[in-house]
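Let's take a walk through a protein together. Have a look at the sequence and the model first, and then we'll go from the overall layout to the inside.

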Amino acid sequence: MATAGAARADSDPASDVLPVQNVFVPYQPRVSASMQQTLRGVTGAAAKAGLPIKVAIIATAQDLGGVPDFFNKPQPYARYLGSEISFSKAQPLIVVMPNGIGTYQLPPKAAAAARGVSVGSGADGMATAAVKAVEKATTAAGHKLGSYKGKGGGGGGSSTALIFAGPIVVLVIVLVIFSYRRMGREEDEVEGELPV
């Protein structure tokens, strides 16, 4: 039974990402780092306001992995993905595709408000639509969305930079230490060779 669930989860990348993060963005075309931060911020603020919403932005059929037939079918895919990421309780979800928005487990007014947002072109246009959909859904559900811009809501560009820069810094430190030790040994060898 657990194996079947794992196989289903592996069929589409968003189902692997969303259980541990609030936002799934396409691999290509890329959503800008600032837009990704805004998305994380708005979903974090919505959760604090009482409506935890996950967001999946699907730009191409490749973003769907083993279920490409769902491309440009945001509502059917929202139901499919939502059922995959809802483990112990229903998980509200907004799916943005180039041709529209789908929702899962949002209150009716919130779902209608989110689906009423028009989707712009390109990855950032889709991300902007996702931000507006979360804002409108949260408000329509009767929650007051707090400030979120620039806060990153659970991980922004700076934390991503630290993840990638951290190992590089450690490597540089190790190389510097290794170089100093090697220079010290070479100096000792040279001193040992000099006549007294």
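What follows goes from the chain's layout to its cores.

This is a predicted model, so local features need pLDDT of at least 70 and side-chain atom pairs count only at pLDDT 80 or more, while totals for chains, interfaces and linings use all residues. Residues are numbered from 1 along each chain as its sequence is written, and side-chain values use heavy atoms, with hydrogens and water left out.

Start with the parts list: the protein has seven helices and four strands. Here helices (H or I, at least four residues) and strands (E, at least two) are DSSP runs, numbered from the N terminus. Read from that end, the order is α-α-β-α-β-α-β-β-α-α-α.

How much of the protein is buried? Of its 196 residues, 38% are, where buried means under 20% relative accessible area (1.4 Å probe, protein chains only).

Now for the inside. A nonpolar core is a set of buried Ala, Val, Leu, Ile, Met, Phe, Trp, Tyr and Cys residues joined through side-chain atoms within 4.5 Å. The largest one has 32 residues, and Leu-39, Ile-53 and Val-96 are among those with the most contacts inside it. Elements giving two or more residues to this core include helix 3 (33-49) and strand 3 (93-97), but helix 6 gives the most, with nine residues.

Zoom in on Val-96. Leaving aside neighbours within four places in sequence, Val-96 is in contact (heavy atoms within 4.5 Å) with residues including Ala-56, Ile-101 and Met-126. Another core lies apart from the largest one: it has 17 residues, among them Val-17 and Tyr-80.

Key:
Buried means under 20% relative accessible area, exposed over 50%, partly exposed in between (1.4 Å probe, protein chains only).
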